[in-house]
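Good morning, and thank you for making time for this item. Let us look at the model together before I comment on individual regions.

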Amino acid sequence: MTEFIIRLIEQGGYLGIFVLMVVENIFPPIPSELIMGMGGVAVSRGSMAFWPLLVVGTLGSTLGNYVWYLAGEKLGYRRLKPLIDRWGRWLTVDWEDVEKGTAFFQRHGHWIVFALRFSPLLRTIISLPAGLIHMPRVKFLAFTLVGTAVWNTGLILGGQWAAGFFETSQAVAEWVVGGMLAATLIAYVYRVVTWKPRV
C-alpha cells in the first residue's frame, strides 16, 4: 500500500499534490500528513524536488482554506446556518462547532489563524469564523500561507527522514500508513453515522 500511494503521488506530480491539498482542506478524505509525508518520500527518492513540492502543497492548502474563509465572509451567519444544518453531517461540522470556533477566534485574535495551522483537528475549520468576522483578507492569507509553509516543511522533512525506514522495514511501513488511512476513514465514518445537529 505504501508503495502504491507513493507511485500515485509521483504519477500525479505537482499538480496532483496541489489538487489533493485543496480537496483535503475543503473535505477531509486524506490527511495532509500523508500527502506531504509521502511527497517527502518521493523527494528522498529523487522523483520530486523539495521546493516545488513545498510551494504547490502550501498554495493548495492555502486555497482550500480560502474557500472556507470566503464561505464565511460572503454568506454570513444568516445564509450559512441552513447550509451547515443541511450538509454538516458530510462535513462533520454542526452549527455549534461554528459558534464555538467564532467565539474562540474572537477571544484569541487573528494570530490564531497562524497558530492553528499546526493543529490537525482545527486548522481548517478556523478559516470559517475568520471569514464570518471579516478578518482582513491579506492578513488571513499571509498567516495561512506562512503557517502552512512551516507545517508542510516539517511533513516533507519527516517524509524524507522516514524514507530510509520505509525501504528497510517495508512491512512495518505498510502497517503505519495503512493504520493512518484506516484511522482517518473510521473516524470520518463514525462522525457521519453518529452526527446529530445540536439545537
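Is His134 buried or exposed, or does it fall in between? His134 is partly exposed, with a relative accessible area of 49%; here buried means under 20% relative accessible area, exposed over 50%, and partly exposed in between, with a 1.4 Å probe and protein chains only. His134 has a positive phi of about 60°, although this residue is not a glycine. His134 sits in the loop between helix H6 (127–132) and helix H7 (137–168), helices being DSSP runs of H or I with at least four residues, numbered from the N terminus.

A word on the basis of these values. The model is predicted, so local features need pLDDT of at least 70 and side-chain atom pairs count only at pLDDT 80 or more, while totals for chains, interfaces and linings use all residues. Residues are numbered from 1 along each chain as its sequence is written, and side-chain values use heavy atoms, with hydrogens and water left out.

I turn to helix packing. Helix H3 (residues 50–91) and helix H4 (residues 95–108) pack at an angle of about 135°, their axes 9 Å apart. The axes are lines fitted to C-alpha atoms over the stretch in contact, and angles run from 0 to 180 degrees between N-to-C directions. H3 and H4 are therefore oblique to each other; angles under 35 degrees count as roughly parallel, over 145 as roughly antiparallel, 65 to 115 as roughly perpendicular and the rest as oblique. On the H3 side, Tyr77, Leu80, Lys81, Ile84 and Asp85 meet Trp95, Val98 and Thr102 of H4, where contact means heavy atoms within 4.5 Å.

Helix H2 (residues 32–45) also packs on H3: the axes come within 10 Å and cross at roughly 165°. H2 and H3 are therefore roughly antiparallel to each other. Met36, Gly39, Gly40 and Val43 in H2 meet Phe50, Leu53 and Gly57 in H3.

Finally, the salt bridges. The structure holds four, each defined as a side-chain nitrogen of Lys or Arg within 4 Å of a carboxyl oxygen of Asp or Glu. Arg137 pairs with Glu73, the closest N and O atoms being 2.6 Å apart. This pair links distant parts of the chain, with Arg137 in helix H7 and Glu73 in helix H3, 64 residues apart. Glu73 is buried, at 17% relative accessible area, whereas Arg137 is partly exposed at 34%. Lys81 and Asp85 also form a salt bridge, at 2.9 Å from N to O.

Key
Helix = DSSP H or I, 4+ residues; strand = E, 2+ residues; numbered from the N terminus.
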